[in-house]
Amino acid sequence: IRIGPDHTGWASPWFLVAVEDPKTDDVVVFTCNRSIDTEKLNSPHIYYPSHTNDVDDLLALEADSSEDWKLVKKTKKAMIFRKKSPENDLVPPIIKADLHLQGIPYKTAVQYFTDWEVRQRWDKTFGVVDILEKIGKFKVVYCSNKMPTFCKNRDMVLACLDHPGQQYHIQIMCSILHPVVPQNLKTNKIRANTSSFGIIIRPVDDGTQSSKVTVITQVDLKGSAPKFIKNGYLENNPIKWIKMMKKYYKKHGHEEEAGAKDQGTTESINNNVDDVIA
């Protein structure tokens, strides 16, 4: 299959390709991180898809309990680990956060983490969240991140792909380029970069009462802030998420669940009416 721009319309050179199978709803994402423009490309370029291997890598990191992980923070509901990058000391460490969402059902946790329109309502670590593209389970999201005092805020453009499974829901993310918010755009923010970012959500027991979330990140926050500030920011955020999500769920969760039940009842009645008419 050969895919490329036809040079029509606004911003016709592409920065990524998402191919969706309408029969299965599967999406394969090619995060090119450069323009696919035949007028500018003078040599072949390989585009790597986000696919099964990414899921396997995240699950392996989730299950990894080797001594390479250093426990850096612990609360009643969270354990935060840090691991040196296997590449070199100049590459940011891998952060793994094991979060126990007591009292938040599995389906609710999936929605709160992966539905960006809902997430921006409760996750106050973000300043701005803007969905730039949406194709099936694939999204391109621009987000700005609130940094500690005296640090410039960061922003990222993320390619997000959902992988729902029988016993888990995974959202994989990585940094990409996008013409709407180019990397050289002059702002008061520093463009951060992540090559590995994933959220694994699992039910506890039958999932109706509680859930477990593993967040795995390897983010380069760029800029000149000291390493301990950057690491502290990345390690503290997951603990904040628990508090903010529980606060939001306590205020809005039961209303949302009641609305979902009412919608299900309405759909059931409409289906029964259709059956009678048929």
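Me: Which rules apply to the values, and from which number are residues counted along each chain?
Reply: This is a predicted model, in which local features need pLDDT of at least 70 and side-chain atom pairs count only at pLDDT 80 or more, whereas totals for chains, interfaces and linings use all residues. Side-chain values use heavy atoms, with hydrogens and water left out, and residues along each chain, as its sequence is written, are numbered from 1.

Me: Which residue of E12 stands opposite Met173?
Reply: Two strands pair if DSSP finds at least two bridges between them. Strand E9 (residues 154-164) is joined to E10 by seven bridges and runs antiparallel to it, with Cys160 opposite Met173. E10 is also joined to strand E12 (residues 193-204), by five bridges and again antiparallel, and there the residue opposite Met173 is Phe197.

Me: Why is strand E10 (residues 169-175) largely enclosed, and how many of its seven residues are buried?
Reply: Buried means under 20% relative accessible area, exposed over 50% and partly exposed in between, with a 1.4 Å probe and protein chains only. His169, Gln171, Met173 and Ser175 point one way from E10, while Ile170, Ile172 and Cys174 point the other way, and residues of both groups are buried. In a regular strand the side chains alternate between the two faces of the sheet. E10 is largely enclosed by the rest of the structure because, of its seven residues, the number buried is seven.

Me: Is Asp162, which meets Lys139 in a salt bridge, buried or exposed?
Reply: A salt bridge is a side-chain nitrogen of Lys or Arg within 4 Å of a carboxyl oxygen of Asp or Glu, and the N to O distance between Asp162 and Lys139 is 3.7 Å. This pair links distant parts of the chain, Asp162 in strand E9 and Lys139 in strand E8 (residues 138-145), 23 residues apart. Lys139 has a relative accessible area of 10% and is buried, and Asp162, at 9% relative accessibility, also counts as buried.

Me: How far from Lys230 is the nearest side chain of opposite charge?
Reply: Lys230 lies in helix H4 (residues 227-277) and, leaving aside neighbours within four places in sequence, is in contact (heavy atoms within 4.5 Å) with residues including Arg154 and Lys222. Lys222 itself forms a salt bridge with Asp220, the closest N and O atoms being 3.4 Å apart. Lys and Arg count as positive and Asp and Glu as negative, while His and the chain ends are not counted. Lys230 is buried yet has no salt bridge, and the distance to the nearest side chain of opposite charge, Asp220, is 5.0 Å.

Definitions and conventions
Helix = DSSP H or I, 4+ residues; strand = E, 2+ residues; numbered from the N terminus.
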